[in-house]
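Reader: I'm new to this one. Can you walk me through it?

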Amino acid sequence: MRLTCPHCGERDLREFTYGGAALTRPEGDWSPIWDEYVHLRENPAGRSREFWQHGAGCSAWLVVERDTVTHDIHAVTEAGA
Amino acid sequence: MTDFRLASVPPATGPLPVTRGAMTLSLADPGPLWSVAPHRGEAAAVSRALQEAIGVSLPGPGRRHAAGGASVQWFGRNLWLVAGVAPPDLPGAAVTDQGDGWVTFDLAGPEGADVMARLIPVDTRPAAMPDQAAIRTELHGMMVAVARTAPDTLRIMGFRSMASTLTRTITEAMERVAAI
Amino acid sequence: MRLGQGGLVDRDRHLGFRFDGHAYEGLEGDTLASALLANGIRLVGRSFKYHRPRGILTAGSEEPNALVTLGRGAAQEPNARATTVELRQGLEARPQNAWPSLGVDALAVNDLLSPFLSAGFYYKTFMGPHRIWERVFEPAIRRAAGLGRLSQEVADLQFEKAFAFCDLLVIGAGPAGLMAALTAGEAGADVILADEDFLPGGRLNAEREEVGGRSGAGWAAEAVTRLEAMPNVRIMSRTAVTGVYDQGTYGALQKHPAAAGRPEETFWRIVARRAVLAAGAIERPVALANNDRPGVMLAGAVRSYLNRYAVAPGRRAVVFGASDEARRTAADLRRAGVHVAALVDARERAETSDFATYAGATVERVLGREVEGVAIRLGNGREERVQADLLAMSGGWNPNVHLSCHLNGRPVWDESLSAFLPAPGAVPGLIPAGSCNGAVTTAACLAAGREAAARALEDLGLKATAPDLPEAEDRDPQARPIWVVPGKGRKWVDFQNDVTTKDIELAARENFRSVEHMKRYTTQGMATDQGKTGGVTALSILADATGRSIPETGTTTYRPPYAPIQIAALGAGGEGRGFAAERFTAAHPVHLAMGAPMVEAGLWFRPSYYPRTGEKTWRQACDREALMVRETVGVCDVSTLGKIDVQGPDAAAFLDFVYSNTMSTLKQGKVRYGLMLREDGHIMDDGTCARIGPDHYLVSTTTAAAGEVMRHMEFAAQVLRPELDVHLVSVTEQWAQTAIAGPESRDLLNEVLDSPLDPGTWPFMACGAVTVGGVPARLFRISFSGEHAYEIAVPARYGESLFRQLVARAEARGGGAYGMEALNVLRIEKGLLTHAELDGRTTAFDLNLSGMMSKKKDFVGRAAAGRAGLLADDRPRLVGIRPVGAVRQLTAGAFLFDPETESTRENAQGTVSSVAFSPTLGHFIGLALLKEGPERHGETVRMVDHLRRVSTLCEVCDPAFFDPAGGRARD
C-alpha cells in the first residue's frame with residue numbers, strides 16, 4: 001500500500017503506523033458515548049476513515065479514507081487541520 | 001574542579017571512510033545542529049529572522065537551503081534542522097540543540113541512487129530527488145533524514161546510537177552495488 | 001542432439017557441467033534443459049507421488065517435471081527448474097526424489113499401487129484410528145513423497161532486497177513487451193522492462209518467423225539494442241515479476257549471474273505508475289494416456305529447443321495438435337533433420353502438407369517407459385501405431401493471466417478463443433497486451449504492445465511518437481482446443497503433483513464439485529509450478545464431470561508469487577544482526593571494557609552488572625553493586641530512557657492533558673513524577689517531568705515505551721488538542737545521562753562540576769543547568785534507588801568520557817558502576833515501578849496512585865479511569881511480599897492464594913510482578929498485585945509457581961521495604 005502524505009508525497013506503507021478508526025474524542029464523564037469511542041468499532045466492508053501516522057517520515061498524524069474491499073485510497077489529509 | 005575535562009568522542013561508526021566500487025561513505029561533520037519549530041503563525045517571521053541572522057530562510061517541505069557555512073533542511077511537520085552555525089535568538093520558535101543526537105554520513109559517488117534503493121523505500125534518483133532535496137524516511141527500520149547536498153553526494157543522518165548499524169548496513173549495500 | 005548450425009548459442013563457448021554425477025558439455029546460451037537434451041539425456045527426474053520417470057516438458061518457467069537440485073553442501077538449491085537454469089561453467093545438478101538412482105527407483109512401486117493412491121487417499125487415511133495415521137501413513141507418505149531437500153545448514157549466500165520506481169513497468173520482453181517498451185521509451189517515459197528469461201525476445205527467439213524483414217530473434221536483439229541506448233529505459237533480464245500489490249507496487253525476483261561478492265538474487269519492490277502486462281501465453285499439454293513419459297514435449301518447447309538452442313529433442317517425432325502450428329512444428333523438425341513420422345491433427349480439415357498427416361485423428365496413448373511410439377486413433381475408429389522417440393503435442397495456449405488476478409480479479413472466459421483472459425481493469429493501472437490478452441499472431445502482439453504503451457503514456461501525460469510496427473506473421477493458426485483424448489489409461493493433468501483426469505473425476509463423484517474443493521482434494525495446481533500447464537485443463541475435466549461449462553466451473557484463486565521465490569530472498573537483510581538495529585549508548589565501550597554482560601532493552605543494549613575478580617555468579621556482583629549504592633556511591637548509565645523536549649506557549653496546558661496529574665503548577669527548576677494513561681483508563685507509562693523554562697519542559701519515559709509515548713503525545717498534540725501551540729522533539733539521542741546515587745553522590749558530583757552544588761538551592765526534585773568540565777549539562781536531583789541521588793545529562797559526545805571518569809572516581813570512594821540488575825533490586829526495595837507493574841492492565845488505583853489522577857482537569861484516560869470497575873476494592877492492587885515459610889525464595893510470575901485454598905486458577909488472589917534478593921534486608925522481597933492488597937498488610941498468603949514448582953508462605957506488607965519515609969532521598 002502507498003499513501004500520499006500531504007507533506008512528503010507518495011510513500012511506502014512501511015513508513016506509516018496505523019492509529020485506529022478516525023473518531024472524535026467525546027467530552028465529559030464516562031458515558032455510553034465514551035464506551036463506543038474507546039471500545040466499539042465498525043468493521044466496514046468498503047469505505048473507512050482511519051488515523052495513520054507518518055512516523056518514519058514527517059511524523060504528521062493523518063486521516064486516511066480508503067476502501068477496505070478495493071484498497072483504493074480516496075483521501076489523505078492532516079488529522080488536526 | 002577546574003582541571004576536570006571531558007573528551008569529545010565521535011559516534012561509533014567504525015573506521016570511515018570506506019570505499020566500495022565507485023562509492024565512498026564518510027563521516028561528515030555538519031557543525032552545530034539545532035531544530036527550529038516556529039510557533040503558530042510565526043513561520044514567516046522566523047524564516048525572515050533566519051535569513052537575516054544566518055543568510056538562509058526556511059525551505060518548503062522536501063527541500064534544503066544552504067549558503068555560506070549554514071544550511072536549513074526541512075525535517076518534518078513544522079520542523080527544520082539548521083546546521084553549521086550557532087543558533088540566533090528566535091523568540092517565535094522552539095529551538096532545540098540536536099548537535100549530539102545525530103550521526104551524519106556523506107555517501108558520495110555516481111551510484112548513490114543504486115545504493116539507496118537497497119536501503120530506503122524512496123526514489124533518490126536525481127530526477128526524483130534533485131540537488132538540495134531533503135526527505136525523512138526509514139532505513140532498514142531506522143528513522144533517517146536524507147538530503148542531496150551536492151549532485152553526487154547524499155547526506156544521511158540517523159540516530160547516534162545506531163551509528164554502527166547504519167555504517168554496516170550502508171556499507172553492505174555499497175558492496176552489493178559494486179558487485180552487481 | 002546438437003544441430004550443426006543455427007540457434008542463439010555461442011558455439012565457441014563450451015561450458016562443462018555435471019548432472020547425476022556425470023560430466024557433460026554445453027554451450028553459452030544453453031539452459032540446463034537444453035544442454036541435457038543436447039547430450040541426449042531425457043530422463044531427468046522422478047515424479048512426486050508415483051516416482052514415474054520424467055523428462056523435460058517445456059522450455060520455460062512453467063516446467064512441472066524437470067526439477068533438479070543445484071550445487072552441493074550447505075548452499076544446495078532444491079527444485080530448480082532445468083528449463084530456467086542458465087548453464088554456466090562448473091554447474092552441478094542432481095536429480096531429485098529417486099533412490100537408489102534415477103534409472104532404478106525403488107519407490108517406483110508406488111506407480112503399481114496407484115489404484116490405492118488416488119485423489120484424497122491421504123484424507124481417507126485420516127478415517128482410521130489416529131495412531132495408524134501417526135505411526136504408519138504419515139511417516140510412509142512423508143518418506144515417499146517429495147521434491148528436493150534443503151541442506152538444513154546455514155548457506156554462505158548473499159541475497160538482497162531493493163526498491164525501484166518507474167513510470168511504466170513492462171512485464172515480459174516478447175513481441176508485445178518489446179514494442180511497448182520501445183513506444184514508451186521513445187516517448188521519454190521512465191521505463192523498466194522486466195523479463196524472466198536471460199535472453200529478451202520471448203517466443204521470437206523460439207520461432208522461425210520474420211519480423212520487419214529479418215529473423216524474429218534478430219529483430220528482438222535490435223530492439224534490445226535500441227532500448228539499451230535509451231537512458232530512460234532499464235532492462236531487467238532474469239527478473240520474474242512475482243506479485244502485484246496495491247497502488248502500483250510489484251514484486252520481482254532478479255537472479256544474478258554468479259560472480260564473486262555478488263548476491264544470488266535481488267527481490268525488488270517496483271513502484272510503477274502504470275504497467276503493461278505482456279506475460280505471453282503458456283501451452284497446454286493434451287490429457288492423453290501416458291502423456292508424462294520422457295520424450296513427450298510441448299510442441300512450442302520443441303520449436304524452442306530446435307530454433308533457439310539448436311537442439312533436436314529426438315530423432316523420430318510425432319506431432320499432435322489442432323492448429324496450423326502443428327505443421328510449423330513438423331516443418332521445424334524436418335529442417336533440423338528429425339524425421340516426422342506422423343502429423344496428427346485433430347481437426348477434420350487439417351492443413352494440407354507433404355507430411356504423413358492424420359486429419360481428424362488423435363494420439364490416444366504413448367507407448368514405452370520412455371517414448372517408443374504412439375497409438376493413433378483414426379477418424380474411422382481404427383488404431384494405428386507409429387514408432388517415435390518424441391511426441392510434440394499441443395492442446396492450445398492459455399493466456400498467462402496470473403498477475404492480472406492478484407488483486408482479486410477473476411479472469412473472463414472467451415468462447416471464441418476457448419481461453420480465460422484478464423478481466424478489464426482487474427489491476428488499476430495495469431494494461432494487458434499481446435498473447436496474455438488473447439492475441440494469436442505476432443503482428444497482433446506487436447500492435448497490442450504499441451497500443452497498450454500509448455494508453456499508458458496518455459495516462460502519464462506523455463505523448464507517444466508511435467514507432468512504426470514491423471511487418472510480421474498475421475495468419476491466424478485456426479486453433480481448436482484439445483483438452484482430453486478419450487480412451488483408457490492414466491492421463492496426467494498436473495504432472496508435478498501426479499494428478500490425473502481420473503483423480504479429478506473421482507473428486508467430482510465424491511462431491512468435491514467446487515473448483516476450490518477439487519483443487520484441495522486432488523492437490524491439482526498446488527505444486528511449485530502452481531498448475532501453470534494443466535490448470536485450465538483440470539477445469540475443463542471438472543466441467544465435463546459436473547455437467548457445467550468451463551466459465552461456470554470457474555477458476556481457483558491466483559496468488560503471488562507467480563514463480564517460486566526462495567525465503568532467503570524475501571527475508572534478505574533480516575538475518576543475524578540485520579534483524580533489528582542495535583542501539584548503543586555513548587558509554588557502551590566502557591561497559592564492554594568492564595566486562596558487563598549486555599542485556600537488550602528494546603533495541604538498546606544495557607549493562608546487566610559489572611563482574612569483579614572473585615565473583616562467581618551474577619548475584620554476587622548485583623548484591624555488591626546494590627550495597628555500594630546504599631553505603632557509598634554508585635554510577636549507572638541511564639541514557640536509554642526516553643527524553644522528549646516539550647516547548648511552546650501551550651506546553652503546560654498540553655502536559656496537563658497528557659499526564660493524569662498536574663504539570664502546569666510545577667515550578668521552573670523542579671521535577672515531578674508523572675503518570676500517563678491510555679484513553680481506556682489504564683497506565684501507559686510513568687516518568688519524570690522537569691520544567692526547564694516557562695514554556696519548556698523535559699519529559700522522560702521508560703526505555704521500552706519511548707517510541708509509544710512519543711507517538712501518543714504527537715497524537716494528543718496533533719489530533720486531540722490541535723488548538724494547543726506545542727512542539728515535541730525527541731532528545732533521547734542528544735543527551736547521555738548518568739545516575740549518581742548513594743550517600744556520597746553529592747561529593748562525587750562536586751568533584752566533577754565546575755562549581756560545587758549549593759545544598760540550599762538543590763533540594764530533592766530540583767533541576768537546573770550546570771557545567772561539567774566546561775561542558776553545559778543538565779542536572780536533576782531525582783532518585784530511582786531511594787538514596788540521595790542525581791542524574792546528570794551531557795551532550796552525547798561527552799557521555800563516554802563523563803561515565804568513565806565518574807566510575808573511576810566512584811571506585812576511589814569504594815563505590816563504582818552498577819547495572820540493570822542492581823538498579824532493579826534498589827527500586828524493588830523502594831517499591832518503585834517498572835513495566836513489570838505497568839503491564840498495560842493496571843490502573844493508578846491498582847498501584848495506590850489514585851492521588852495522581854487530578855480531579856480538576858481533563859486528561860487522557862480520565863473518563864475511563866473513573867469507571868466503577870476500575871476502582872473496585874477487590875481489584876488486584878500493589879503490595880509487598882516477603883517469604884515467611886520454610887522456602888525462602890520468591891519467583892516473578894507466580895500466583896498468590898489464601899493459604900487454606902487449593903492453588904487452582906479460580907482461587908488465585910493475585911500475581912507476583914517483581915522479585916529480588918535484597919542484600920540490604922538479607923532476604924527475598926517481591927512486589928505483587930493482590931486482591932484488596934492494601935487492606936491485607938500483615939496477612940499471610942501462599943505463593944505458588946506452578947511452572948518452576950516453587951511454593952512458599954509470604955507475609956503481605958507495604959511495597960516500600962526500605963526507608964518507607966523516604967528520608968534518605970530527601971536529606
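Reader: How many residues of domain 1 of chain B are in contact with domain 2 of chain B?
Author: This is a predicted model, to start with. In it, 8 residues of domain 1 of chain B are in contact with 9 residues of domain 2 of chain B.

Reader: Which elements supply the domain 1 side in chain B?
Author: Strand S9 (134-139) and strand S10 (142-150) of chain B each give at least two residues to that side. S9(B) has the largest share, with 3 residues.

Reader: Where do the two domains of chain B run?
Author: The domain assignment puts domain 1 at 19-29 + 100-179. Domain 2 is 33-97. Their centres, taken over C-alpha atoms, are separated by 23 Å.

Reader: New topic. How many residues do chain A and chain C put into their contact?
Author: Chain A gives 19 residues and chain C gives 17 residues.

Reader: Which parts of chain A supply that side?
Author: Strand S3 (17-21), helix H1 (32-39) and strand S4 (47-53) of chain A each supply at least two residues. The chain A side divides into 9 nonpolar, 7 polar and 3 charged residues.

Reader: What does UniProt list for residues 167-383 of chain C?
Author: An unreviewed UniProt entry lists them as "domain: FAD/NAD(P)-binding".

Reader: How much of that stretch of chain C is helix, and how much is strand?
Author: Residues 167-383 of chain C are 21% helix and 36% strand. The end C-alpha atoms of the stretch are 58 Å apart.

Notes. Residues numbered from 1 in each chain as written. Chains lettered and ligands numbered in written order. Predicted model: local features only at pLDDT ≥ 70, side-chain atom pairs only at ≥ 80, totals over all residues. Contact = placed C-beta atoms within 7 Å. Helix = DSSP H or I, 4+ residues; strand = E, 2+ residues; numbered from the N terminus. Nonpolar A, V, L, I, M, F, W, Y, C, P; charged D, E, K, R; others polar. Domains from an automatic or database assignment. UniProt positions renumbered as here; feature names shortened; annotations may be inferred.
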